[in-house]
Amino acid sequence: LNERLLVELNRKTLRELQIRLNMLGYDIGRLDGRMGPRTETAIGAFQESVSLPVTGKVAEDWVLLLNRKILQDVDKRLQDMGYEVGSIDGQLDEKTQAAIKAFQKAEKITVTGEISEHLLARLRHQRLRDIQACLKILGYDIGPVDGYMGGRTIAAIRDYQDASGLPVTGKVSEDWVKRLDRDALRNIQMRLRFLGFDIDAIDGQMGLVTQQAIRAFQEAEELPVTTELAEDWVKRLDHETLRKVQIQLKILGYDIRKTDGYMGTRTEVAINKFQKDTGLPVTGKLSEDWLPRLEREATRNIQVRLQFLGYDITKADGRMDVQAAIQSFQSAAGLPTTDRVAANWFNRLNAETVRNVQARLRLLGYDIGKLDGKMGPRTEKAISSFQKKMELPVTGQVSGEWYLQLDQETLRK
């Protein structure tokens, strides 16, 4: 009986160790309390990671280090979720116990304040949700963010590992997950900066400035304020970023019908065309490689339009330092004043630009039909005729800088 009890206790102890190794990303196979080859390999890998002799056997020295690392990992994950844990030192102190209890209560599992199988399983589930959210931020197809390792999540992990030049395993391990966290946060920072929020550096670090920018975005969108990469506000951020991309592509004359924040076929085609036109890799994805270029080109186009309408623009250089001119136009048009690119005031600016183009073309003898600020067939034909006469690229569209030349021709007449 004593021997059986000892075997059972040994299995229980080994299973607890397997659970902890699994939590840290080691592949131990089944959580069965048996010392199989995969468990031995996982123990050896952990021993090597903490600079201990590799034996693959249970020993007090590495078990103590394993427990400390587990506590550090629990502290870090709870802190990332907004719980107050104090120092991340691998000690089960009062603050850590209080945080564990708060998490257990929120997750409706037995409240003990101790490290348990249920606690680690729930934290691992939450961690996988975070990984899925990060992959989704970067444009990978993971399906629902549900915390389960399904086929699409495994495929997305493999695709990310391959794109990042990492060993392709399709498995979760802290070495590449840390990089994923940084990449996802860089993407968040890039989008926030693109939307006009103050980001000092796109570095993948959750510093104070980034936290303030996230909170400012959430408050502006009337969302719950948190620095956790939660699906609700990240989805809204993605939506607002794409809306601005659509507006700016429309400013540049690309075929965008709706600025609705959804990636339809027209938007994807327009993004690909912009990337191709500007000599960038054609990916169809939002990235820091081309969004700043799009911003500059669209801003420059706005500057040229304002200059064409008589507003004081020192230099059309693509820098957003023309707030005074933008706000003067908005006030004259009876619109709310803002220095951000938005569909409402740009549509009015576009209509006023087209109306002025029509007036000048009519003065030069071209048949433009009604002077209505709308791009009808006769206006397009007149623009094309003028561009051809002046040996300019024939687009038939109000974009680029050709209408400054139209202004000069009108003045000559």
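**Exposed loops, a helix crossing and nonpolar cores**

User: Lys108: buried or exposed?
Analyst: Lys108 counts as exposed because its relative accessibility is 77%. Buried means under 20% relative accessible area, exposed over 50%, and partly exposed in between, with a 1.4 Å probe and protein chains only.

User: What kind of model is this?
Analyst: This is a predicted model, in which local features need pLDDT of at least 70 and side-chain atom pairs count only at pLDDT 80 or more, while totals for chains, interfaces and linings use all residues. Residues are numbered from 1 along each chain as its sequence is written, and side-chain values use heavy atoms, leaving out hydrogens and water.

User: Where is Lys108 placed, then?
Analyst: Lys108 is in the loop between helix H4 (94–106) and H5. Helices are DSSP runs of H or I with at least four residues, strands are runs of E with at least two, and both are numbered from the N terminus. The phi of Lys108 is near 60 degrees, a positive value in a residue other than glycine.

User: And what about the phi of Glu222?
Analyst: Glu222 is not a glycine, yet its phi is positive at about 55 degrees. Glu222 sits in the loop between helix H8 (208–220) and helix H9 (231–251), and its 73% relative accessibility makes it exposed.

User: Moving on to Asp141. Where is that one?
Analyst: Asp141 belongs to the loop between helix H5 (117–137) and helix H6 (151–163). With 52% relative accessibility, Asp141 counts as exposed.

User: Which residues does Asp141 touch?
Analyst: Leaving aside residues up to four places away in sequence, Asp141 touches Arg152 and Ala156; contact means heavy atoms within 4.5 Å. The side chains of Asp141 and Arg152 are joined by a polar contact of 2.9 Å. A polar atom of the Asp141 side chain also lies 3.4 Å from the backbone nitrogen of Gly143. A polar contact is a pair of N or O atoms within 3.5 Å; within protein, one must be able to donate a hydrogen and the other to accept it, and residues adjacent in sequence count only if both atoms are side-chain atoms.

User: How do the axes of H6 and H7 cross?
Analyst: The axes of H6 and helix H7 (residues 174–194) come within 11 Å and cross at roughly 85 degrees, so H6 is roughly perpendicular to H7. Angles of 65 to 115 degrees count as roughly perpendicular, under 35 as roughly parallel, over 145 as roughly antiparallel and the rest as oblique. The axes are lines fitted to C-alpha atoms, for helices over the stretch in contact, with angles from 0 to 180 degrees between N-to-C directions.

User: Which residues meet there?
Analyst: Ile157, Tyr160 and Gln161 in H6 meet Trp176, Arg179, Leu180 and Asp183 in H7.

User: How many residues are in the largest nonpolar core?
Analyst: That core has 47 residues, and those with the most contacts inside it include Leu135, Trp233 and Val245. H7 gives the most to this core, with nine residues. A nonpolar core is a set of buried Ala, Val, Leu, Ile, Met, Phe, Trp, Tyr and Cys residues joined through side-chain atoms within 4.5 Å.

User: What does Val245 touch?
Analyst: Not counting residues up to four places away in sequence, Val245 touches Phe194, Ile271, Leu286, Trp290, Leu291 and Leu294.

User: Last one: is Thr353 buried or exposed?
Analyst: Thr353 counts as buried because its relative accessibility is 0%. Thr353 lies in helix H13 (residues 343–363). Beyond residues up to four places away in sequence, Thr353 touches Arg305, Phe308, Leu309, Val398 and Tyr403.
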